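Subject: Structure handover

Hello,

Here is the structure I said I would pass on. Please open it alongside these notes.

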Amino acid sequence: MSLLLSGAHVVTMDDAGTEYPDGWVLVVDGRVEAAGDGAPPPADERVELGGAVVTPGLVNTHHHLYQTLTRARAQEADLFTWLKTLYPVWAGIDEESVYAAARTGLAELALSGCTTVFDHHYVFPRGTSGLIEAEVRAARELGVRIVASRGSMDLGESDGGLPPDSLVERVDDVLAETERLADLQDDGFVQIAVAPCSPFSVTGKLMEESAQLARRLGLVLHTHLAETVEEEAYCRELYGCTPVEYLEQVGWLAEDVWCAHCVHVRPDELARFAQHGVGVAHCPASNLRLGAGVAPVREMLDAGVQVGLGVDGSASNERGDLLYEVKQALLVARGRGGPRAMTAREALRLGTRGGAAVLGRDDIGSLEPGKRADIAIWRTDGLELAGADDPVAGLVLSGPHRVERLYVGGVPVVRGGHLVRADEEEIAREQRLQAKRLLRAGDG
C-alpha cells in the first residue's frame, strides 16, 4: 500500500537539513520510500496538503503520564517540596487510574504532533499491578509508539531518601519485575527502558544492578539528574560528589544512558557526557514552572551532547504539548544566550531527530528512505501564520498548534485535528472521574 502526501513544505530533518518548499513524501508499507519536489510519483492514495508544513513526528524523551491526574498542585513549590506534597496523593494510583491518565497524556501528545513517547513511571504503590501494561494498552489503542520504563525507588525517608518508606521497593523485586516487562517489547511500537528514579530516591546498589540488568537484556537506561541546586547539595552531602560524578561512580556514563533535566552541570561534565555518549532530555517548561533554572542546551550541543525534548509530567508542566516545548526550548536558549543562541530549525530538530538519537532510535526522527513513516502535518492557513514569510520558523514561533494530520507507521492517528482511534471527550470525562477518585482517596 502506498500513500503520497503532496503540495507541502517538507522538512526532512536529514543530515543536510533538506527542505522541499513545494514537496511531497511517498510512503510504502509504513516506511518513507522517498521525499522530494517536482513531479510526484504515482501512489495508491494521494492526499493534497494545500501548502501545509510536513515534519517528522515529534519524539518525547521524558514524561510521567500518571501525573496528568494531579495538575495545578503545589503551585509555588520547589522540586523537593513539590514531590513531598504529591507523594501521598500518588500513593493512591492503580491500574484503572493509570490507564485513564495514560490515555489523556498520550492523546494530548498525539494532538501536538508527537508520535513516540517515553514515559518514566516510578511510583508502584504496594498491592498494585499492571501499571506499565495499562500504559502500553493505552498507547496501542491510540496508535502511538511508547518507550515504557520500569522506574523504581528504594531509598526511603528512614534511610535518608526523599520518598516515604511506603513507596519504596526491594531491589530484587524491582529487577525481577523489570526483566518480566522486557517481554512487552515488539517491532518498533513498544520499547522498554530501565529507569531508577533519581539520586535522592535510589541507592547506589539499585543503580548499579539496574545497569547490569539493562545491559544483559539490551535495554536502555534513564534517570533524573542535576535538576536543582538542592539535588546537588544532597549529592554532595550523601555521596561527597556532584550528581554527574555520582553517575560515573555507579557505571552510568555510557551511550545507552540518557538523563532528564541536567540543569546544573559544569562544562567539564558536559565534555564527559559527550565523550561517553550520554544523552539529555531537556524539559524547559517544567524547569521554569518549578524554578529549577535553565539547562545550558547551547553549550551541550556545542560540546557534542545529544539533546532531545521532554514535556515532563503534567503535575510540573500542566500541558503535554511537545510543539510548545520546541518553542520553549528556543526561547529559553535565547534568554540564556542571546538571540543567536538557537534557531527555530535547531529547536525543531531537538524535538524530532534529537529525541530519536537520545532514545537510541535510528528508525524515526527524520523523513528519509527506509525510516518509519511517522509524519506530522501542520496547517499554515490560520490567523497565527498569516503573514509568516518562513512557514517553518512561523510554525515554531507562533506555537503551540494542534496538528492537522498525524501518521504513525503510515497509519492515520490524527485527521482534521481530531483523534482517529479514540474519542477525545470520552477520554477527558474518564480522566476527570479518576482524578476525583484519587483526590477523595488522598483526603481519606
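Below is what I found, by topic.

Ground rules

This is a predicted model, so local features need pLDDT of at least 70, side-chain atom pairs count only at pLDDT 80 or more, and totals for chains, interfaces and linings use all residues. Residues are numbered from 1 along each chain as its sequence is written, and side-chain values use heavy atoms, with hydrogens and water left out.

Helices (H or I, at least four residues) and strands (E, at least two) are DSSP runs, numbered from the N terminus. Buried means under 20% relative accessible area, exposed over 50%, and partly exposed in between (1.4 Å probe, protein chains only).

Nonpolar cores

A nonpolar core here is a set of buried Ala, Val, Leu, Ile, Met, Phe, Trp, Tyr and Cys residues joined through side-chain atoms within 4.5 Å. The largest one has 118 residues. Within it, Trp-82, Leu-83, Trp-90, Leu-106, Phe-273 and Met-300 touch the most other members. Helix 2 (residues 95-111) gives the most to this core, with nine residues. Another core lies apart from it, with 17 residues, including Val-32, Val-54, Leu-367 and Ile-375.

Helix 1

Helix 1 covers residues 79-90, twelve in number. The expected span of a helix is 1.5 Å times one less than its number of residues.

What does Trp-90 contact beyond its neighbours within four places in sequence? Contact means heavy atoms within 4.5 Å. Trp-90 meets Tyr-66, Gln-67, Thr-70, Trp-82, Leu-83, Tyr-122, Val-123, Pro-125 and Ala-315.

Helix 6

Helix 6 (residues 229-239) has Glu-231, Tyr-234 and Cys-235 as its buried residues. They cover an arc of only 100 degrees around the axis, which puts them on the same side of helix 6. The arc is taken from the directions from the helix axis to the C-beta atoms. Val-229 and Glu-237 are exposed on the other side. The buried residues pack against helix 1, strand 9 (220-225) and helix 7 (243-249). Gly-240 follows helix 6, with a positive phi near 75 degrees.

Two strands pair if DSSP finds at least two bridges between them. An open sheet of eight strands has the order 3-2-1-4-13-14-15-16, with mixed pairing. Its edge strands are strand 3 (31-37) and strand 16 (418-419), each pairing on one side only.

Strand 13 (residues 375-378) has both faces covered. Ile-375 and Ile-377 are buried on one side, and Ala-376 and Trp-378 on the other. Strand 4 (residues 45-56) runs antiparallel to strand 13, joined by four bridges. Val-54 has Ile-377 as its bridge partner there.

Strand 13 also pairs with strand 14 (residues 405-408), antiparallel, over three bridges. Ile-377 stands opposite Arg-405, and Ala-376 opposite Leu-406.

Strand 14 then pairs with strand 15 (residues 411-415), again antiparallel, over four bridges. Tyr-407 stands opposite Pro-412.

Val-147

Val-147 is in strand 7 (residues 145-152). Is Val-147 buried or exposed? At 0% relative accessibility, Val-147 counts as buried. Leaving aside neighbours within four places in sequence, Val-147 contacts Thr-116, Val-117, Phe-118, Asp-119, Gln-191, Ala-193, Leu-359 and Arg-361. His-62 is 85 residues away along the chain, and the C-alpha atoms of Val-147 and His-62 are separated by 9.8 Å.

Cysteines

A disulfide is a pair of cysteine sulfur atoms within 2.5 Å. By this rule the count is zero. For Cys-114, the nearest cysteine sulfur is that of Cys-283, 13 Å away. Cys-114 is buried, with a relative accessible area of 0%. For Cys-262, the nearest cysteine sulfur is that of Cys-259, at 4.9 Å, and Cys-262 is in no disulfide. Cys-262 is also buried, with a relative accessible area of 0%.

Best wishes
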